[in-house]
Amino acid sequence: MAARRVDALLLTDSNALLCGILTDKDIATRVIAQEIILEDTPVSKVMTKNPVFVLADTLAVEALQKMVQGKFRHLPVVKNGEVIALLDIAKCLYDAIAKLERAAEKGKAIAAAVEGVEKQWGTSVSGPNTFIETLRERIFRPSLSTIIPENPKLVTVAPTETVLMVAKKMLEYRSSSAVITVENKPLGILTSKDILMRVIANNLSPETCLVDKVINLIQGKIIFLKRRCFFLS
């Protein structure tokens with residue numbers, strides 16, 4: 001996984017049929033957090049067995065719904081009994097957002113029509129274009145608060161903690177990342193992929209390796225909203 005810089009690996013049985021999937025999160029939460037010895041642990045003990053998959057002719061939106069509802073990031077694609085691809089939810093979401101943006105562009109024509117109607121009605125008492133601006137804000141420029149779930153689980157740790165302790169917190173919160181803070185200010189972020197690529201692949205000990213040695217430092221701005229963080233480069 002580290003050699004190919006991938007965060008998921010598909011496992012097949014002796015008949016070349018899909019039988020499991022192993023992700024960077026599995027390694028962080030099922031191996032590191034559980035303090036299992038890597039060298040003595042077969043993949044079958046920590047992989048997700050019989051993972052959910054979709055057929056090649058499945059609609060993209062259906063595949064995305066499966067990942068969102070199932071709360072997993074990867075989805076194998078099968079054709080004629082063989083795995084032909086592995087979907088990543090980030091790529092699917094990117095494509096979905098791109099389509100929404102195109103739909104929003106088309107929606108501007110509707111907004112323009114509504115604006116024309118408002119002009120026929122005359123200026124509203126609360127100020128010019130109030131109605132159309134409110135409509136635009138709600139339809140085309142939703143705020144982050146509209147897409148963030150209530151009471152999100154955010155893992156925050158100090159840079160002096162060990163990777164092992166962070167992995168345990170990821171397991172506790174069922175998260176694949178942690179925000180490193182100093183005096184409640186964000187310093188960086190550590191993901192399960194970082195643990196795989198920067199700790200395990202480099203033969204570092206999670207028990208002694210400190211977080212500040214392997215984190216991604218925050219280069220841009222960060223937004224905290226309802227205890228969830230968003231990074232803007």
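Exposed loop residues and nonpolar cores

Biologist: Why is K71 called exposed?

Modeller: In this predicted model, K71 has a relative accessible area of 77%. Exposed means over 50%, so K71 counts as exposed.

Biologist: Where is K71 found, and what is its phi?

Modeller: K71 is in the loop between α2 (60–70) and β5 (74–79). Its phi is positive, about 60°, although K71 is not a glycine. Most residues other than glycine have a negative phi.

Biologist: What makes N203 exposed?

Modeller: The relative accessibility of N203 is 70%. The cut-off is over 50%, and therefore N203 counts as exposed. N203 lies in the loop between α6 (192–200) and β10 (216–217), and its phi, near 55°, is positive in a residue other than glycine.

Biologist: Which residues have the most contacts inside the largest nonpolar core?

Modeller: I32, V166, L190 and I195 have the most contacts inside this core, which has 29 residues. At least two residues each come from β2 (18–23), α1 (24–32), α5 (163–173), β8 (177–182) and α6.

Biologist: How do you know that this core draws on both domain 1 and domain 2?

Modeller: Domain 1 (2–91) and domain 2 (156–229) each give at least three residues to this core.

Biologist: Which residues does I195 touch, not counting residues up to four places away in sequence?

Modeller: I195 touches A28, I32, V163, A167, M170, L190 and I200 on that count.

Biologist: Which residues does the second, separate core include?

Modeller: That core has eight residues, among them A63, V77, I89 and C92. Residues of a nonpolar core are buried by definition, so A63 has under 20% relative accessible area.

How values were computed. Residues are numbered from 1 along each chain as its sequence is written. This is a predicted model: local features need pLDDT of at least 70, side-chain atom pairs count only at pLDDT 80 or more; totals for chains, interfaces and linings use all residues. Side-chain values use heavy atoms; hydrogens and water are left out. Helices (H or I, at least four residues) and strands (E, at least two) are DSSP runs, numbered from the N terminus. Buried means under 20% relative accessible area, exposed over 50%, partly exposed in between (1.4 Å probe, protein chains only). A nonpolar core is a set of buried Ala, Val, Leu, Ile, Met, Phe, Trp, Tyr and Cys residues joined through side-chain atoms within 4.5 Å. Domain bounds come from an automatic or database domain assignment. Contact means heavy atoms within 4.5 Å.
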